[in-house]
Amino acid sequence: MSIIEKLCFGERWGEVVNIHPTLPSTEQEKESDLSEINRFTLRPLTINEFIVFTLDLCHNQIDRHFSCFPEDELEIINRKVPGRPLMERHDLKGSLPRGTFFRSTLHQDGDRLSVRPKVYVLTLEENRNFIANIEGGIYRETSIGFSFSFPECSICNKDIRRCVHVPGENYEGKMCFYRMRGIQEVLEGSVVACGSQGTSFVSDARTHWFEQFGEKGGLSFYQNARKNIFKNKTWCKE
Ligand SMILES: [Zn+2]
């Protein structure tokens with residue numbers, strides 16, 4: 001089996017750091033954002049053509065899936081985020097991006113290390129509702145889609161797809177979790193609602209995915225599942 005077929009796909013939640021747009025306070029900051037943004041455009045934009053948001057996409061803490069990112073993998077994600085698309089809710093329907101991440105930094109807050117990128121969204125009429133939902137605190141959670149190659153068991157340090165340990169179970173007083181190692185790609189970042197029907201849909205889809213397939217599935221399986229996520233219930237075996 002090829003390495004591609006052994007890749008895992010994952011999603012992890014974060015949050016919108018500033019529910020209000022970041023308005024650079026100095027000309028220097030404006031120019032800094034503008035020059036970085038214009039690296040991704042086909043013509044130079046002006047200050048009034050975009051709005052900037054700052055998001056936390058993922059962090060090093062153990063999450064609800066009993067997994068975590070080692071700090072060196074967060075550094076890899078941090079390098080891969082610029083240029084990736086920002087999606088609305090989650091791209092289960094193949095919708096087009098709403099924005100582009102143009103800068104990413106690692107943010108330390110006590111023990112918590114997070115990947116904190118900035119994203120620009122064009123101030124077009126078609127983005128007005130999207131921007132308003134973020135500014136109004138409705139879209140306040142984020143989701144990062146990524147692939148990785150090695151889910152390392154915290155108990156035995158082997159591939160958790162092959163060892164006997166189960167994430168979330170206790171072994172001699174130690175809770176099992178797995179470290180997501182070998183980050184391959186950052187696919188996209190999404191902004192999702194909190195507590196709305198949209199959130200429920202995203203949450204249900206995500207829960208369904210992990211209940212049915214977990215991260216023991218392969219990338220090729222994920223690609224098929226994206227086409228028909230609620231119909232394919234076959235557990236993926238390597
Ligand atoms: Zn193990």
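Start by selecting phenylalanine 66, in the loop between strand E3 (58-59) and strand E4 (67-68); helices (H or I, at least four residues) and strands (E, at least two) are DSSP runs, numbered from the N terminus. You are looking at a predicted model, in which local features need pLDDT of at least 70 and side-chain atom pairs count only at pLDDT 80 or more, while totals for chains, interfaces and linings use all residues. Residues are numbered from 1 along each chain as its sequence is written.

Check the backbone here: the phi of phenylalanine 66 is positive, near 60 degrees, and the residue is not a glycine. Phenylalanine 66 counts as partly exposed because it has 16 C-beta neighbours inside 10 Å. For that label, 20 or more other C-beta atoms within 10 Å of a residue's own make it buried, 12 or fewer exposed, and anything in between partly exposed, with C-beta atoms placed from the backbone.

Next, jump to glutamate 172, in the loop between strand E9 (170-171) and strand E10 (174-175). This non-glycine residue also has a positive phi, about 55 degrees. Glutamate 172 counts as exposed, because it has 5 C-beta neighbours inside 10 Å.

Now select proline 151 in strand E8. Its 24 C-beta neighbours inside 10 Å are why proline 151 counts as buried.

Finish at the largest nonpolar core, with 38 residues; Cys58, Ile77 and Val119 have the most contacts inside it. Such a core is a set of buried Ala, Val, Leu, Ile, Met, Phe, Trp, Tyr and Cys residues joined through C-beta atoms within 7 Å. Its largest share, 6 residues, comes from E11.
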